[in-house]
Amino acid sequence: MTEGPIELPADTLGAVSGQPSMIDPFGRHVSYLRVSVTDRCDFRCVYCMAEDMTFLPKRDVLTLEELDRLCSAFVEKGVRKLRLTGGEPLVRRNIIWLIRQLSRHLNTGALEELTLTTNGSQLGRYASELMDCGVKRINVSLDTCDAKKFHEITRWGDLDKVMGGIDTALDAGLKVKINMVALKDVNEHEIETMMKWCHGKGMDLTLIETMPLGEIDGDRTDQYLPLSQVRARLLDTWTLEDIPYKTGGPARYVEVKETGGRLGFITPLTHNFCESCNRVRLTCTGTLYMCLGQDDAADLRAPLRASEGNELLSSAIDEAITRKPKGHDFIIDRDHKGPAVTRHMSVTGG
Ligand code: SAM
Ligand code: SF4
């Protein structure tokens, strides 16, 4: 890696002319906020959580009104894309209230996209309300279509409920992208089946490398599957054509000629994407992480609660952005089995 700020063309940095923007020391415009609205979840995926998790004390968690105020402050400062995640965002009580509140920024044009990442378990109940709030596309995390394996991976999940939720979402008119964490020996032989299933339903599929975040019960070296290997293997059967398609996140896409569908690769380990990072992440306690893979953070809860105006909050955000690091240092191999950071993905939000 080279040292110092990286020069990139303005359009890859997320700048929108005439709009306010936050710029980090490496010239990257921070235009994308991911918010973990709760660290709690109705699943216990093996790569994400230990089965016996200790969650944040409820008294430390921001109210929905406070989350609205915080997110809105970011929108005022130039955030154009907001993704709610978790834990499982749809298990937070009254979450639709927050989504509806935030949708006012879509109506004014300040926000380009309001979206969420979900495990799909509550979509049957909420899909049409999401659509009604201006959510147009969602990411659903699904690592397998095999009920037994689904239970092994999620520990507590019910595949039928998730499949039903996905169909309800599609019927409601939401665009659905499936995110699949590629796990060695667990679901690696299902990638093609998943791809055909997704493309048959008009859904993109994105594959993700497992990242070393938080202590889990197993050994991550056993789970880690480099996507460079997967891509090489797919090329034996499928024609993959690189395409410039972008959704604002870190995935690089190919079009699969035979299916006509899109396949994305999120490769934090085999191909670091930090140079074009436009994101920061907020936890449900108001801690801002400037990088998923680093421990440095800024407390926004204190300035949020210190006054009714947003001056203190705005200065705290500006100061935090000056500390956005160049990138993460994820490694998974026999010498690096432990997590790169101690917090779980469910705290910072995926
Ligand atoms: N509960 C929701 C879900 O599963 O979609 C949202 C939160 S979850 C933490 C967001 C995404 O992070 C999911 O796609 C999940 O598969 C992924 N994820 C969790 N832990 C991960 C890890 N250690 N490495 C890579 N991806 C991970
Ligand atoms: Fe829950 Fe999502 Fe983590 Fe699975 S990946 S345990 S669904 S937060």
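1. Arg233 is partly exposed, with a relative accessible area of 36%. Buried means under 20% relative accessible area, exposed over 50%, and partly exposed in between (1.4 Å probe, protein chains only). Arg233 forms a salt bridge with Glu188, the closest N and O atoms being 3.1 Å apart. This pair links distant parts of the chain: Glu188 is in the loop between β7 and α7, Arg233 in helix α9 (residues 227-234), and 45 residues separate them. Glu188 is buried at 9% relative accessible area.

2. Basis of the values. This is a predicted model, in which local features need pLDDT of at least 70 and side-chain atom pairs count only at pLDDT 80 or more, while totals for chains, interfaces and linings use all residues. Residues are numbered from 1 along each chain as its sequence is written, chains are lettered from A and ligands numbered from 1 in the order in which they are written, and side-chain values use heavy atoms, with hydrogens and water left out.

3. Other salt bridges. The structure holds 20 salt bridges, each a side-chain nitrogen of Lys or Arg within 4 Å of a carboxyl oxygen of Asp or Glu. Glu66 and Arg305 make one of them, at 2.7 Å from N to O. That pair also links distant parts of the chain, with Glu66 in helix α1 (residues 64-76) and Arg305 in helix α10 (residues 301-306), 239 residues apart. Helices (H or I, at least four residues) and strands (E, at least two) are DSSP runs, numbered from the N terminus. Glu66 is buried at 16%, whereas Arg305 is partly exposed at 44%.

4. A bridge within one helix. Lys148 pairs with Glu152 at 3.5 Å between the closest N and O atoms. Both lie in helix α5 (residues 147-154), 4 residues or about one turn apart. Lys148 is exposed at 63%; Glu152 is partly exposed at 45%.

5. Ligand 1. Its shell has 17 residues, of which Tyr47, Gly87, Thr118, Ser141 and Met211 come nearest. A residue is near a molecule if one of its heavy atoms lies within 4 Å of it. A polar side-chain atom of Tyr47 is 3.0 Å from a ligand 1 oxygen. A backbone N or O atom of Thr118 is 3.2 Å from an oxygen of ligand 1. A polar backbone atom of Met211 lies 2.7 Å from a ligand 1 nitrogen. Taken alone, ligand 1 exposes 540 Å², and the protein buries 96% of that. Those areas come from the Shrake-Rupley method with a 1.4 Å probe.

6. Ligand 2. Its surroundings are Cys41, Phe43, Arg44, Cys45, Cys48, Met49, Gly87 and Asn119. Cys48 is buried at 16% relative accessibility.

7. Cysteines. The whole structure has 0 disulfides, taken as pairs of cysteine sulfur atoms within 2.5 Å. The sulfur of Cys145 is 6.9 Å from the closest cysteine sulfur, in Cys198, so a bond is ruled out by distance. Cys145 is partly exposed at 28%.

8. Backbone points to check. Most residues other than glycine have a negative phi. Asn94 has a positive phi of about 65° and lies in the loop between β4 (81-85) and α2 (95-102). Asn94 is exposed at 54%. Asp185 also has a positive phi, near 65°, in the loop between β7 (175-182) and α7 (191-200). Asp185 is exposed at 62%.

Notes: A polar contact is a pair of N or O atoms within 3.5 Å; within protein, one must be able to donate a hydrogen and the other to accept it, and residues adjacent in sequence count only if both atoms are side-chain atoms.
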